Amino acid sequence: MKKAFVHEWFEYPAGSEQCARSFLNVYPDFELFSLVDFFADDTRESFIKGKKVKTSFIQNLPFSEKHFRNYLPLFPLAIEQLDVTDYDLVFSNSHCAAKGVITKVNQLHICYCHSPMRYAWDLYHQYLHTSGLDKGIKSVLTRYFLHKLRIWDVTTANRVDYFIANSKFTASRIQKIYNKPATVIYPPVETGNFPVEYNKDNYYITTSRLVYYKKIDLIVKAFSKMPDKKLVVVGEGPELEKIKSLAGGNIEILGYRTQDEMKRLLQKAKAFVFAAEEDFGIVVPEALSCGTPVIALRKGGTKETVIDGVTGVHYDEQTEDSIIGAVSRFESIENTFDSGNISNIAKGYSRERFEKEIHDFVETKAVEFFS
């Protein structure tokens, strides 16, 4: 098969790009397409084997290198201009527009879906509120555009022959929004880079990009009410100053840390605290791989990745009291957690497992499609 790989944008390495690296490990002959490509040379070599990317017209628009997301209204048009008509297999890696690439009836289109567009669906009202777009003429224009984007998003779901979801939670959202079934293949986690640590220190940790939907402020507020418990916060983002203003004396805000520093902090923590409703949440199995239990919301991807009482503790509401109750419960059973067992369970999310499952899925569907 001649193969095309359609990615949203190559900007900096995140979860979607981790998947892209694995897709290219499985099929090194993929030819790459994307809305924009601003990868640094060393990142390009590491993540996409130094390959060149065929990009859309957005690549050459003014200020696109820093502000290409401002061209969101043009994404549907731009993705449809990427010409993949010469390929037998089209594989899209999508959380926004990539799945909307146009294919013919004799082309197999498989989409690995990280999420239907959350700001157009689940986070629509939150997005308007936190962006200051809940009133005024800008609000009217934004609501109208997102309405049109939802119509386009649903319509283009019919361009996909098979969906793969990154969690059962995402699969349920694909079913609800697109009315399409999806096979679940959990994302790749570099579990080998996060070895188990048995000797824990007396602190909790949370890490994330500091944006509103990650709910780091909620964790900080909860721990400010538990002054006898130390919390370490790692990450940077637009909510950094707000979070600093909320932190009590028992909370240490570290900002950005290197991968090695982050790994060591995860290894030594007594538990990792997570409050977001994520589609998967790759940092959770990274913490588990370190043998660190996770205190997490019983919703979204962490409902699947954290086993209550075995690899961590669940709580049911995004509230300070719910987090405080979960920490109290964790400490009451803390001695029952086995770091070695937690780490072994996390190996079920390894990169090797992911690449085998992707290969087997694509090969099986290709035989069915082209026979």
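Predicted model: local features only at pLDDT ≥ 70, side-chain atom pairs only at ≥ 80, totals over all residues.
**Ground rules.** I number residues from 1 along each chain as its sequence is written, and I leave out hydrogens and water, so that side-chain values use heavy atoms.

**Entry 1, H1 and H2.** I took helices (DSSP runs of H or I, at least four residues) and strands (runs of E, at least two) as numbered from the N terminus. The axes of H1 and helix H2 (residues 41-48) come within 8 Å and cross at roughly 55 degrees, the axes being lines fitted to C-alpha atoms, for helices over the stretch in contact, with angles from 0 to 180 degrees between N-to-C directions. The two helices H1 and H2 are therefore oblique to each other, a label for what is left once angles under 35 degrees are called roughly parallel, over 145 roughly antiparallel and 65 to 115 roughly perpendicular. In the contact (heavy atoms within 4.5 Å) I found Glu-17, Gln-18, Ala-20, Arg-21 and Leu-24 of H1 against Ser-46, Phe-47 and Ile-48 of H2. By class, the contact of H1 with H2 has four nonpolar, two polar and two charged residues, where Ala, Val, Leu, Ile, Met, Phe, Trp, Tyr, Cys and Pro count as nonpolar, Asp, Glu, Lys and Arg as charged, and the others, Gly among them, as polar.

Most residues other than glycine have a negative phi. I noted Lys-49, with a positive phi of about 55 degrees, in the loop between H2 and strand S3 (53-55). At 39% relative accessibility Lys-49 counts as partly exposed, on a scale where buried means under 20% relative accessible area, exposed over 50% and partly exposed in between (1.4 Å probe, protein chains only). I also noted Phe-63, whose phi is near 65 degrees and which sits in the loop between S3 and helix H3 (64-67); at 69% relative accessibility, Phe-63 counts as exposed.

I checked the length of helix H15 (residues 351-370): at 1.5 Å a residue its 20 residues should span 28 Å, and the end C-alpha atoms are 28 Å apart, which agrees; the expected span is 1.5 Å times one less than the number of residues. The buried residues of H15 include Phe-354, Ile-358, Phe-361 and Val-362, and also Arg-351, Arg-353 and Glu-355. They pack against helix H1 (15-26) and strands S4 (89-94), S5 (108-113), S6 (162-165) and S7 (182-184). I then looked at Lys-365, which lies in H15 and is buried, with a relative accessible area of 18%. Leaving aside neighbours within four places in sequence, I found Lys-365 in contact with Leu-108, Ile-110 and Tyr-162.

Ser-34 lies in strand S2 (residues 31-37) and, at 0% relative accessibility, counts as buried. Apart from neighbours within four places in sequence, the contacts of Ser-34 include His-7, Trp-9, Phe-10, Val-53, Thr-55 and Leu-82.
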